[in-house]
Amino acid sequence: MTRLALLLCLLLGASSIAAPQRAPRKKVAVLPFQAVSGDVPARAGPRLAARLASEIHGMAGLALAEPPVAPVPDAQADALTAAQAAVQEAVTARAARDFTRAESALGRALDAYAANATHLQDGSALADTYALRAAVRYAVGRDDEAVDSLTHALAVAPGRSLPLAATSPLFAHTVERVRAAHAIQPRGVLRFESFPQGLEVLLDGASAGTTPVRVTQVPPGAHLWRATLPSGEPVGGIVEAVSEREVTTTIQPPGTGTSASLALALSGNQLDASALQAAATLGREASADLVVFGTLSRSGTGLALDAFVFAPGDSTPHRLPRLAMDLELLDAGEPLRALAAQLASRGVEAGMAEAVPLSPTPGASRVTRAAQTVYAVPTSEPVKPAAPAPIRRPVDPIRKPLVRP
């Protein structure tokens, strides 16, 4: 028995020598690359990150690490449905002369529209809600507040007739009076900044230029703005213009938490200790050994990727060699494959250590002087009635027709 046990030990030892254990694969998390200017093609950053993740997944010695993704409810549909339901509740309450309930319901509706302004097609729903709130406030003697609400209704949908005005000659007269006063009020200025810069802004449905931009001659009251980030995400909101004042709106990647914090820093071409900490947190959540992140910018006729590799727990990111590619990412496959191979063989040593804070994309500085445009939204002109057809005198029936002699 002793000899048998000794023989088994020898055999097991020989097997372990003949077949050495494989080195564990490095787990790599690839975070979405952030554009540092609005002229980067839409969704180029997320698409490039997905392609690098695919190369890492297929590379020997590497494994792809992905942070857990929580299910996101359809907040858009919920918010719009809640707003519409609140407006309908206000209509019912006003008909019952329960003005307190109507005021409360309209407040909820406007809050829901403001939180979901990105998905509003135009300012019609907002204008009607503000007009209804004005009618409720007039009914209880809050005339000054009613004028404010009516001003918002006229400003957010310029040139649009308010359907509520057709229900009451008195309210219609009030609307026209407020419209006339609104037309001669001093204008305000709306300034739009963004991360990244160079985003086109739509103000009340018309282009207001690209950020940073100052829009002058804006009528006081509420206005609906929209923009699209280079990631493809739509953003929007409601801003109130004030007579003879400048109001600034900053457009940035939506959301909260570590992902949004890192996206905001990189889109502003900044990498500091807090952004690095956010990258480390995302890496730990994915159980990653290495985290890759960076910025995408225009370079000549193509794009340039400035990426970093970072081990969660380290205090220094390592800058990877800059990669160049065409605008459509058609030639990105080979350089991304080579980058994945470098990560497999060298890990963080594939890049050069740099101290933070730093600018991921060298030479890409933020523009401090804003362009200037004038508010211009086409107003709907009333349809002019067609001119009546000229009355032609009937042919004298006594007159004989001409006949050939």
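The legends below describe several close-up views of one predicted model.

**Overview. The whole chain and how its residues are described.**
Residues are numbered from 1 along each chain as its sequence is written, and side-chain values use heavy atoms, with hydrogens and water left out. In this predicted model, local features need a pLDDT of at least 70 and side-chain atom pairs count only at pLDDT 80 or more, whereas totals for chains, interfaces and linings use all residues. The protein chain holds 10 helices and 16 strands, where helices (H or I, at least four residues) and strands (E, at least two) are DSSP runs numbered from the N terminus. Of its 405 residues, 43% count as buried; buried means under 20% relative accessible area, exposed means over 50%, and partly exposed lies in between (1.4 Å probe, protein chains only). Contact means heavy atoms within 4.5 Å, and among the contacts with a separation of 6 or more, 66% come from residues 24 or more positions apart.

**View 1. Helices H4 and H5 pack against each other.**
Two packed helices are described by the angle between their axes and the distance between the axes. The axes of H4 and helix H5 (residues 124–139) come within 10 Å and cross at roughly 155°; axes are lines fitted to C-alpha atoms, for helices over the stretch in contact, and angles run from 0 to 180 degrees between N-to-C directions. H4 and H5 are therefore roughly antiparallel to each other, given that angles under 35 degrees count as roughly parallel, over 145 as roughly antiparallel, 65 to 115 as roughly perpendicular and the rest as oblique. The crossing of H4 and H5 is left-handed, a term used if the near helix is turned anticlockwise from the far one by less than a right angle, while clockwise gives right-handed. Residues of H4 including Phe99, Leu106 and Tyr113 meet residues of H5 including Leu126, Tyr130 and Val136. By class, this contact of H4 with H5 has 12 nonpolar, 2 polar and 3 charged residues, where Ala, Val, Leu, Ile, Met, Phe, Trp, Tyr, Cys and Pro count as nonpolar, Asp, Glu, Lys and Arg as charged, and the others, Gly among them, as polar. Thr100, which lies in helix H4, is exposed with a relative accessible area of 66%. Although Thr100 and Arg137 are 37 residues apart in sequence, their C-alpha atoms are 9.6 Å apart in space.

**View 2. Helix H5 also packs against helix H6.**
The axes of H5 and H6 are 8 Å apart, and the two helices pack at an angle of about 165°. That makes H5 roughly antiparallel to H6. H5 passes H6 in a left-handed crossing, and the contact of H5 with H6 has, by class, 11 nonpolar, 2 polar and 4 charged residues. Among the residues that meet are Ala127, Ala134 and Tyr138 in H5, and Val147, Leu150 and His152 in H6. Thr151 also belongs to helix H6 (residues 143–156), and its relative accessibility of 10% is why it counts as buried. Leaving aside its neighbours within four places in sequence, Thr151 is in contact with Val178, His182, Gln185, Pro220 and Gly221.

**View 3. Helix H9 and its covering elements.**
Helix H9 (residues 273–285) has 13 residues and reaches 18 Å from its first C-alpha to its last, close to the 18 Å expected at 1.5 Å a residue, the expected span being 1.5 Å times one less than the number of residues. Its buried residues include Ala275, Leu276, Ala279 and Leu282. What covers the buried residues of H9 includes helix H8 (258–267), strand E11 (290–299) and strand E12 (302–310). Just after H9, Ser287 takes a positive phi of about 55°.

Most residues other than glycine have a negative phi, and most peptide bonds are trans. The bond from Phe195 to Pro196 is cis, with omega near 0°, and Pro196 is found in the loop between strand E4 (188–194) and strand E5 (200–203). The bond from Thr211 to Pro212 is likewise cis, with omega near -5°, and Pro212 lies in the loop between strand E6 (206–210) and strand E7 (213–218). Arg97 has a positive phi, near 60°, in the loop between helix H3 (75–95) and helix H4 (99–115), and counts as exposed at 61% relative accessibility. Leu329 has a positive phi near 65° in the loop between strand E14 (323–325) and helix H10 (333–346), but counts as buried at 0% relative accessibility.
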